[in-house]
Amino acid sequence: MSLTTSAPDGRPRCGWCAAAPEFLHYHDHEWGFPVGDDRRLFEKLSLEGFQSGLSWRTILAKRENFRAAFHGFDFNRVATFTEADVARLLRDEGIIRHRGKIEAVINNAARAQDLVRQEGSLAAYLWRFEPRPEDCAPPQTVSISPASIALSKDLKKRGWKFVGPTTVFAFMQAMGLINDHAEGCVVREEAERARAGFRRPG
């Protein structure tokens, strides 16, 4: 667990956001705040899959390109993608041109549709895996957890791809299923208040 005070306002924040200035807005306004919107949840799972083996800085810099390429991560539209779309995406220099990851997003879009039919919403399903605070490790000390292992295992059983437990843990951190802001980070309490006021779906 580390803090940095290298931000322009000098307030302490999680150490990882010192890596690049563009991380500050993402850290202060997105990371760790609870999300119940199906499209945003699907987007984040998809982008975490693309990040596998890369840095989040690379993905964040290309996020708007990804959104354009995948129609805002509307999984109902992405599920209809064909081999022609795969070929189009492999030519798109604005995204990560990895066939396996591209095909995984298309596959996962169809699996997301299945979950909506079965559970009512993607959010209702995913938030069932929110761990109890007492079951969470101290902030920023682990990159995997029993909850991420359980969610990863269940997603894989349902046919999802590129959803290993480390990828899923990063997703849970970012979407507010856990509050992994470092102790002393100025955003930690704000994220916790947002979590306390968040109405869990389902």
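Reader: What does H181 touch, leaving out residues up to four places away in sequence?
Author: H181 touches C14, H27, W31, G32, P139, Q140, V187, R188 and A191 on that count. Keep in mind that this is a predicted model.

Reader: Where is H181 found?
Author: In the loop between α10 and α11 (188–197).

Reader: Buried or exposed?
Author: H181 is buried, because its relative accessible area is 0% and buried means under 20%.

Reader: Which side chain does H181 join in a polar contact?
Author: The side chain of H27. That polar contact is 3.2 Å.

Reader: Which residues does UniProt list for "binding site"?
Author: The unreviewed UniProt entry lists C14, H27, H181 and C185. They are spread over 172 residues of sequence, yet they cluster in space. The largest C-alpha distance is 10.4 Å.

Reader: Where is the place of C185?
Author: C185 is also in the loop between α10 and α11. C185 is buried, with a relative accessible area of 5%.

Reader: And what does C185 touch, beyond residues up to four places away in sequence?
Author: L3, P12, R13, C14 and H27.

Reader: New topic: the core. How many residues are in the largest nonpolar core?
Author: The largest nonpolar core has 56 residues. Those with the most contacts inside it are F42, F66, F70, L122 and W160.

Reader: Which helix gives the most to this core?
Author: Helix α7 (residues 99–119), with six residues.

Reader: What does F66 touch, not counting residues up to four places away?
Author: F66 touches L47, F50, I59, F73, I95 and I96.

Reader: Lots of Phe there. How many aromatic pairs does the count come to?
Author: The count comes to 13 aromatic pairs. One of them joins W16 and F23, edge-to-face, at 5.7 Å centre to centre with 65° between the planes.

Reader: Why is that pair edge-to-face?
Author: Because the planes are 65° apart, and over 60 degrees counts as edge-to-face.

Reader: Is W16 buried or partly exposed?
Author: W16 is partly exposed, at 25% relative accessibility.

Reader: What about F42 and F75?
Author: F42 and F75 also form an edge-to-face pair, 5.6 Å centre to centre and 70° between the planes. F42 lies in helix α2 (residues 38–51) and F75 in helix α5, so the pair ties together parts that are 33 residues apart in sequence.

Reader: Buried or exposed, those two?
Author: F42 is buried at 0% relative accessibility. F75 is buried too, with a relative accessible area of 8%.

Reader: Which residues form one aromatic cluster?
Author: F42, F50, F66, F70, F73, F75, F81 and W160.

Reader: Which charged end sits over the ring of F81?
Author: That of R88, 5.4 Å from the ring centre. Elsewhere, K44 lies over the face of W56, at 3.4 Å from the ring centre.

Reader: Last topic, the backbone. What is the phi of H71?
Author: Near 50°, a positive value in a residue other than glycine. H71 is found in the loop between α4 (63–69) and α5 (75–78). H71 is partly exposed, with a relative accessible area of 30%.

Reader: And F162, what is its phi?
Author: Near 55°, again positive in a residue other than glycine. F162 is found in the loop between α9 (146–157) and α10 (165–174). F162 is partly exposed, at 34% relative accessible area.

Key: Residues numbered from 1 in each chain as written. Predicted model: local features only at pLDDT ≥ 70, side-chain atom pairs only at ≥ 80, totals over all residues. Heavy atoms only, no water. Helix = DSSP H or I, 4+ residues; strand = E, 2+ residues; numbered from the N terminus. Buried < 20%, exposed > 50% of the residue type's maximum accessible area, 1.4 Å probe, protein only. Core = buried A, V, L, I, M, F, W, Y, C linked by side-chain atoms within 4.5 Å. Contact = heavy atoms within 4.5 Å. Phe/Tyr/Trp six-rings, centres within 6.5 Å; stacked < 30°, edge-to-face > 60°. Lys NZ or Arg CZ within 6 Å of the ring centre and 35° of its normal. UniProt positions renumbered as here; feature names shortened; annotations may be inferred. Polar contact = N/O pair within 3.5 Å; in protein donor to acceptor, adjacent residues only side chain to side chain.
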